[in-house]
Amino acid sequence: MVDSRKNKIIGVISTHMADYIFPSIISGIDSVVTDQGYSLIVGNTLNNHDRERQTLLNMLDLKIAGLIIEPTQSALPNSNLDLYRQLQNYHIPTILFHSTYPGFSFPTLLTKDLEAEKELTKYLFKLGHSNILGIFQINDQQGVNRMSGMVQAYQEENIPITKSNIVMYQSNDAFTDIVNKADTILKANPHITAIACYNDELATRIISHLQSQGLQVPHDISVVGFDNYEMAQLITPKLTTVNHPKRQLGEDAGEMIIDMINDKSVTSKFYTPQIIKRDSAILVRSKEN
């Protein structure tokens, strides 16, 4: 067996190290593991499988004590599953967060994205919006789940799914391509009164784009995000969104990986995000059918 515990180093692998969620997650992890005498080394895959492979190999070479991994392009086939099998076979303490892979026994930290997006969509329904445009990143499982949540909301509330419109994109797509697709749909469907975005970063950019087109958010069109980014309450209008347990997830990951290193059993954790109601979504105006 490979001795994975030679060094008191815990590896953290993220798909987007500069992402606005990640600093809070890494801060939470660090606050726990440093008290136990461990240091962190962070790898950034840029949501690219080749980079993920090299990062995993680098971590293995360092003989890290444990790994906390955000899977790369988790909704797509992954050519690096052989390395995940090595982690499992060598009993290297490993935790996955945000998504997981079938056939592996790694503990996971997951937000209930489908349920949260479903409730967010139903909140828009309560405001009178039924013609909604959803814009979702679909090469990560989180985005697929959020998109599914929007669809399920239509099904459960018996609102014709034909009233919904969806733009799907991947993480490496240019924003101009995404917004061009959205503009095409908005021009063809003047009754759309709300946009549900994959995350707050996209939502803030969509709001800025709409404003540049002379539209007022939320009076002309409502916009909602996901994650509760700190800036979401500072922009104008303040963004209606869904809370992501960033710091808590990091602290839980830190505690779990320390327990695993110490041969203690751990169980996966699931978080139920809450809707944060602010100013970017209001009662529908007259153009809605």
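This is a predicted model: local features need pLDDT of at least 70, side-chain atom pairs count only at pLDDT 80 or more; totals for chains, interfaces and linings use all residues.
Residues are numbered from 1 along each chain as its sequence is written, and side-chain values use heavy atoms, without hydrogens or water.

Helix α4 covers residues 113-126 and helix α5 residues 141-156; helices are DSSP runs (H or I, at least four residues), numbered from the N terminus. Their axes lie 7 Å apart at an angle of about 45 degrees. Axes are lines fitted to C-alpha atoms over the stretch in contact, and angles run from 0 to 180 degrees between N-to-C directions. The two helices are therefore oblique to each other; angles under 35 degrees count as roughly parallel, over 145 as roughly antiparallel, 65 to 115 as roughly perpendicular and the rest as oblique. Among the α4 residues that meet α5 are L114, T121 and F125, where contact means heavy atoms within 4.5 Å. The residues of this contact divide into 5 nonpolar, 6 polar and 6 charged. Here Ala, Val, Leu, Ile, Met, Phe, Trp, Tyr, Cys and Pro count as nonpolar, Asp, Glu, Lys and Arg as charged, and the others, Gly among them, as polar.

A second pair is α2 (residues 49-61) and α3 (residues 81-89), whose axes come within 10 Å and cross at roughly 25 degrees. These helices are therefore roughly parallel to each other, and their crossing is left-handed. E52, R53, L56, L57 and L60 in α2 meet D82, L83, Y84, Q86 and L87 in α3. By class, this contact has 6 nonpolar, 1 polar and 3 charged residues.

The largest pocket holds about 530 Å³ of space and is lined by 29 residues, with D19, Q137, Y198, N199 and E201 nearest its centre. Helix α7 gives the largest share of that lining, 3 residues. The lining has 11 nonpolar, 10 polar and 8 charged residues.

The structure also holds 1 cavity of 30 Å³ or more. The largest cavity contains about 50 Å³ of space, and its lining is made of T15, E70, P71, S74, H98, S99, D140, Q141 and Q142. On a 1 Å grid over the protein atoms alone, a cavity is a set of points where a 1.4 Å probe fits but cannot get out, and a pocket is an open set with protein on both sides within 12 Å along at least five of seven lines; lining residues have an atom within 4 Å of a point. Grid points are joined across faces, edges and corners, and a volume is the space filled by probe spheres set on the points.

Note on methods:
A crossing is left-handed if the near helix is turned anticlockwise from the far one by less than a right angle, and right-handed if clockwise.
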